[in-house]
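Please take a moment to look over the sequence and the model shown here before reading on. The paragraphs that follow begin at a single residue and then widen to the whole chain.

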Amino acid sequence: MGADRVFAYGAAAGLLGDLLLGDPRRGHPVAAFGRAAAAVERELWRDDRGRGAVHTAVCVGGVVTLAGLAARAVRRSPAASVALTGVATWAVVGGTSLAREARAIGRSLQAGDVEAARERLPHLCGRDPQALDADGIARAVVESVAENTSDAVVGALVWGAVAGVPGLVGFRAVNTLDAMVGHRSPRYRRYGWASARLDDVAGWPGARLTAVLAALLGPDPRGAVRAWRADAGRHPSPNAGPVEASFAGALGVRLGGTLSYGGRVEHRPVLNGGGRPVAVTDIDRAVRLSRRVGWLALAAGVAARRVLKGRAT
């Protein structure tokens with residue numbers, strides 16, 4: 001069985017596993033990686049970019065090497081290779097947990113229980129929930145669904161299509177490290193620089209594919225393209241900008257604006273300024289669009305692997 005079929009069958013099985021099972025409540029491989037990365041940080045941390053670069057190399061290089069060894073060990077068995085790809089895909093994608101958390105917050109908002117929605121919001125994103133009213137929470141959820149469609153689903157599938165199991169786990173390792181040390185706090189402004197820049201590079205193709213697919217699959221393709229072209233470049237994140245702008249245009253809503261992280265207020269540009277404010281019902285619309293984008297991203301990855309294989313032969 002060729003590598004293209006191994007990826008196709010394994011990644012599809014992994015996405016189905018995520019759809020049916022979601023993330024395990026205990027013993028998640030990503031959580032184990034996070035604990036290992038935190039242990040490395042305790043040994044290496046200094047307020048220094050070089051130390052941070054070593055931290056990134058050790059953590060990402062370690063999991064990519066282990067994944068490569070595992071893939072090599074089963075390469076003579078198509079069934080084992082498919083199974084390994086399936087397990088790796090299930091472990092690194094998070095579409096079901098993303099949808100579950102978003103919809104739970106939406107149900108609380110629909111019931112008028114803003115406090116319950118505030119309590120649940122940190123499960124989805126790092127914003128200060130007490131600074132948000134019901135409309136602000138709904139906007140934060142839609143933005144998080146858009147960004148995490150790229151970070152938690154499409155980006156991993158892109159790198160899986162490129163590099164198999166090492167690509168799948170390597171991307172998730174990079175993304176997890178960025179969440180841990182890549183933010184601009186006093187502790188991590190220098191130490192997390194390498195992780196943040198590597199995440200920008202690794203996330204670039206997945207973010208553009210997510211934006212393209214959101215435009216193709218959303219209810220307003222022209223609006224998505226228009227918002228992407230007009231507003232994505234003004235976002236402080238080179239990858240979140242295209243994704244959030246495309247989702248905003250596709251759904252016909254207005255995203256961006258003032259938000260608060262860890263007590264720090266940020267004034268971000270408005271995306272799709274001609275759209276309407278986000279409503280609670282838009283949370284479910286964003287989740288459905290995210291689901292469609294994830295499955296079509298898998299199809300695109302499988303097609304790309306077959307094209308590359310055909311050229312190689």
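**A walk through the model**

Arg 190 lies in the loop between helix 7 (134-181) and helix 8 (193-217), where helices (H or I, at least four residues) and strands (E, at least two) are DSSP runs, numbered from the N terminus. This is a predicted model, in which local features need pLDDT of at least 70 and side-chain atom pairs count only at pLDDT 80 or more, while totals for chains, interfaces and linings use all residues. Residues are numbered from 1 along each chain as its sequence is written, and side-chain values use heavy atoms, with hydrogens and water left out.

Is Arg 190 buried, exposed or partly exposed? Arg 190 counts as partly exposed because its relative accessibility is 45%, given that buried means under 20% relative accessible area, exposed over 50%, and partly exposed in between (1.4 Å probe, protein chains only). When its neighbours within four places in sequence are left aside, Arg 190 is in contact with Asp 47, Asp 48 and Arg 49, contact meaning heavy atoms within 4.5 Å. Arg 190 and Val 225, by comparison, are 35 residues apart in sequence, and their C-alpha atoms are 35 Å apart in space.

Helix 3 (residues 49-73) holds Gly 50, which is partly exposed, with a relative accessible area of 40%. From Gly 50 to Ala 211 there are 161 residues in sequence and, C-alpha to C-alpha, 34 Å in space.

Leu 84 has its place in helix 4 (residues 78-92), and at 23% relative accessibility Leu 84 counts as partly exposed. Leaving aside neighbours within four places in sequence, the contacts of Leu 84 are Ala 70, Ala 71, Val 74 and Val 165. For one of these, Ala 71, the C-alpha atom is separated from that of Leu 84 by 7.4 Å, with the two residues 13 apart along the chain.

Towards the other end of the list of elements, Asn 272 lies in the loop between strand 2 (264-271) and helix 11 (281-312). The phi angle of Asn 272 is near 60 degrees, a positive value in a residue other than glycine, and this residue counts as buried because its relative accessibility is 14%.

If a disulfide is taken as a pair of cysteine sulfur atoms within 2.5 Å, the count comes to 0 disulfides.

Stepping back to the whole, the protein chain has 11 helices and 2 strands, and from the N terminus on its elements run α-α-α-α-α-α-α-α-α-α-β-β-α. The radius of gyration of the chain is 19 Å, close to the 20 Å that the globule rule gives for 313 residues, so the chain is as compact as a globular protein of that length; the radius is taken over C-alpha atoms, and the rule is 2.2 Å times the number of residues to the power 0.38. Along the principal axes, the C-alpha atoms fill a box of roughly 55 × 45 × 35 Å.

Of the 313 residues of the protein chain, 50% count as buried. Among contacts between residues at least 6 apart in sequence, 70% join residues at least 24 apart.
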